[in-house]
Amino acid sequence: MLDITKLSKTFGQGANSYTALHAVDVTIAEGEFFTLLGPSGCGKTTLLRLIAGFEQPSGGRIVLDGRDIAAIPPSQRPVNTVFQSYALFPHLSVAQNVAFGLEALGRPASEVRSRVDEMLALVQLSHLRDRRSSALSGGQQQRVALARALAPRPRILLLDEPLSALDLKLRKDMQAELKRLQRETGLTFIFVTHDQDEALTMSDRIAVMEGGRLQQVAAPRALYDTPSNRFVAGFIGDTNFLKGLALPEGVVLGGQAPVMLSAAAGFVGPVTVLIRPEQVIIGRAAPDSVVLTGRVEDLVFSGTDTHVRLSLPTGETLSVRSQNSLHAGTAFTEGEVVTLSLPCEALRILPEETADAA
């Protein structure tokens with residue numbers, strides 16, 4: 001549906017120029033919930049603004065339904081945007097806010113009334129249709145902004161960090177609400193966020209960005225389980241990075257005997273070994289694992305889990321997330337030396353030079 005090819009954006013000229021986007025290539029399917037994820041300054045909002053038409057590209061193409069829209073003004077693109085600030089008219093009612101865009105397009109009054117009723121029902125705000133938007137809660141204002149953006153039936157809905165101003169519980173509720181709206185409307189959503197939990201919860205696919213470049217595009221589980229480089233591994237969830245040495249007979253980790261890892265096929269030389277904290281088994285030697293010892297340096301109780309930080313004989317540190325339950329086993333104490341098992345199937349390998357460059 002949307003094919004972006006070699007898209008770049010440079011601000012300024014000469015010595016004062018800054019390239020925010022470097023020859024980005026990405027294809028987004030119709031009906032997909034697609035998320036642009038990355039830290040501040042990574043280029044995700046610039047990419048969104050280029051799709052919306054608020055910025056003009058320095059190079060490349062933006063093809064929607066087979067038509068290059070890069071030179072088309074924002075008002076003529078079949079695209080609507082929900083902003084972080086919502087941008088509602090405080091002196092207008094909920095219904096008037098939703099109707100505004102339709103009226104600006106010159107739609108017949110009967111169509112406007114019907115569409116406003118439909119949109120308010122969709123976002124479950126029919127009972128507040130006559131209330132001024134300034135008298136609504138943050139979550140209600142966000143739903144009005146969504147209804148207004150959806151009313152003209154855009155081909156693509158762009159969402160620029162729309163949940164960042166909400167408190168944690170309301171943000172969680174609105175994540176489910178956004179996914180419901182996307183499923184019910186069947187529209188393509190392109191969502192910008194720096195929050196990995198939002199991205200993992202709602203997305204069909206995620207594009208992780210850094211330095212104006214796409215680092216990896218994949219489904220949430222694939223990003224989490226098989227990150228392409230160290231940046232993606234560190235940005236998506238918590239990750240342990242350990243130094244290893246790949247030899248023909250296996251990978252040496254923590255000074256132990258070489259262990260054959262299928263993930264290390266083709267690697268020879270220094271490597272970085274990745275394992276998630278919840279995948280480490282603490283307190284026993286498990287089969288098909290790299291077995292190490294570590295000293296407990298810190299214990300942090302966080303409700304459902306206990307986070308354990310350990311020091312290894314190599315001088316490296318390892319984080320373990322242990323679930324708190326009635327069957328969780330023996331509790332650990334600071335200073336205790338414990339056995340650690342790193343299941344071979346959970347270990348991921350990156351060549352050292354890739355890990356350093358990412």
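Gln140 counts as buried, at 19% relative accessibility (buried means under 20% relative accessible area, exposed over 50%, partly exposed in between, with a 1.4 Å probe and protein chains only). This is a predicted model, in which local features need pLDDT of at least 70 and side-chain atom pairs count only at pLDDT 80 or more, while totals for chains, interfaces and linings use all residues. Residues are numbered from 1 along each chain as its sequence is written, and side-chain values use heavy atoms, with hydrogens and water left out.

**Gln140**
- Gln140 is part of helix 4, residues 138-150 (helices, H or I of at least four residues, and strands, E of at least two, are DSSP runs numbered from the N terminus).
- A polar atom of the Gln140 side chain lies 3.0 Å from the backbone nitrogen of Ser137.
- Leaving aside residues up to four places away in sequence, Gln140 touches Leu125 and Leu128 (contact means heavy atoms within 4.5 Å).

**Salt bridges**
- The count comes to 19 salt bridges (a side-chain nitrogen of Lys or Arg within 4 Å of a carboxyl oxygen of Asp or Glu).
- Arg61 and Asp68 form one of them, at 3.4 Å from N to O; Arg61 is partly exposed at 45%, and Asp68 is partly exposed at 31%.
- Asp225 pairs with Arg221 in a salt bridge at 3.8 Å, and the two are about one helical turn apart because they are 4 residues apart in helix 7.

**A network**
- Asp305 and Arg321 form a salt bridge, with the closest N and O atoms 3.8 Å apart.
- This pair links distant parts of the chain, with Asp305 in strand 16 and Arg321 in strand 17, 16 residues apart.
- Asp305 counts as buried at 18%, whereas Arg321 counts as partly exposed at 22%.
- Salt bridges link Asp238, Glu278, Asp305 and Arg321 in a network.

Terms used:
A polar contact is a pair of N or O atoms within 3.5 Å; within protein, one must be able to donate a hydrogen and the other to accept it, and residues adjacent in sequence count only if both atoms are side-chain atoms.
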